[in-house]
Amino acid sequence: MSSVLEHRRDYLRLMRQFTLDNGFFTVTDIQKSAGIPRSTAQDWVSRLVREGCVLIRAGKRGRS
């Protein structure tokens, strides 16, 4: 369980840093910075959004 908490803290720190530097972050930003697969980064972002730790200000913009 402590491993999950450590990962959570690290990803939140990355998200916060990107937000302070750029005003936003993307899943790709987190993926590249953490050196993890994109699906893992997406899972963490989704989890933190569900928990209310991260707020979505703009919806997805991609192919539909």
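With a relative accessibility of 56%, Arg-16 counts as exposed, a label given to residues over 50% relative accessible area, while buried means under 20% and partly exposed covers the values in between (1.4 Å probe, protein chains only). The residue belongs to helix 1.

The structure is a predicted model, in which local features need pLDDT of at least 70 and side-chain atom pairs count only at pLDDT 80 or more, whereas totals for chains, interfaces and linings use all residues. Residues are numbered from 1 along each chain as its sequence is written, and side-chain values use heavy atoms, with hydrogens and water left out.

Helices here are DSSP runs (H or I, at least four residues), numbered from the N terminus. Helix 1 covers residues 2-22, and its 21 residues reach 30 Å from the first C-alpha to the last, close to the 30 Å expected at 1.5 Å a residue; the expected span is 1.5 Å times one less than the number of residues. Tyr-11, Leu-14, Met-15 and Phe-18 are buried in this helix. Seen down the axis of helix 1, these buried residues fall within an arc of 95 degrees, so they line one face of the helix; the arc is taken from the directions from the helix axis to the C-beta atoms. On the other side, Ser-2, Arg-9, Arg-13, Arg-16 and Leu-20 are exposed. Just after helix 1 comes Gly-23, with a positive phi of about 90 degrees.

What do the buried residues of helix 1 pack against? Their partners are helix 2 (27-34) and helix 3 (38-50), where contact means heavy atoms within 4.5 Å. The axes of helix 1 and helix 2 come within 10 Å and cross at roughly 120 degrees. Such axes are lines fitted to C-alpha atoms, for helices over the stretch in contact, with angles from 0 to 180 degrees between N-to-C directions. The angle makes helix 1 oblique to helix 2, the class left over once angles under 35 degrees (roughly parallel), over 145 (roughly antiparallel) and 65 to 115 (roughly perpendicular) are set aside. On the helix 1 side, the contact is made by Tyr-11, Leu-14, Met-15 and Phe-18, and on the helix 2 side by Asp-29, Ile-30, Ser-33 and Ala-34.

Helix 3 can be described in a similar way. Its 13 residues should span 18 Å at 1.5 Å a residue, and its end C-alpha atoms are 18 Å apart, which agrees. Ala-41, Trp-44, Val-45 and Leu-48 are buried in helix 3. Seen down the helix axis, they fall within an arc of 95 degrees, so they line one face of helix 3. Asp-43 and Arg-50 are exposed on the other side. The buried residues of helix 3 pack against helix 1 and helix 2. Just after the helix, Gly-52 takes a positive phi of about 85 degrees.

The axes of helix 2 and helix 3 come within 9 Å and cross at roughly 120 degrees, which makes helix 2 oblique to helix 3. Val-27, Thr-28, Ile-30 and Gln-31 of helix 2 make the contact with Arg-38, Ala-41, Gln-42 and Val-45 of helix 3. Ser-39, in helix 3, is partly exposed, with a relative accessible area of 49%. The C-alpha atoms of Ser-39 and Val-27 are separated by 9.0 Å, with the two residues twelve apart along the chain.

Definitions and conventions. Helix = DSSP H or I, 4+ residues; strand = E, 2+ residues; numbered from the N terminus.
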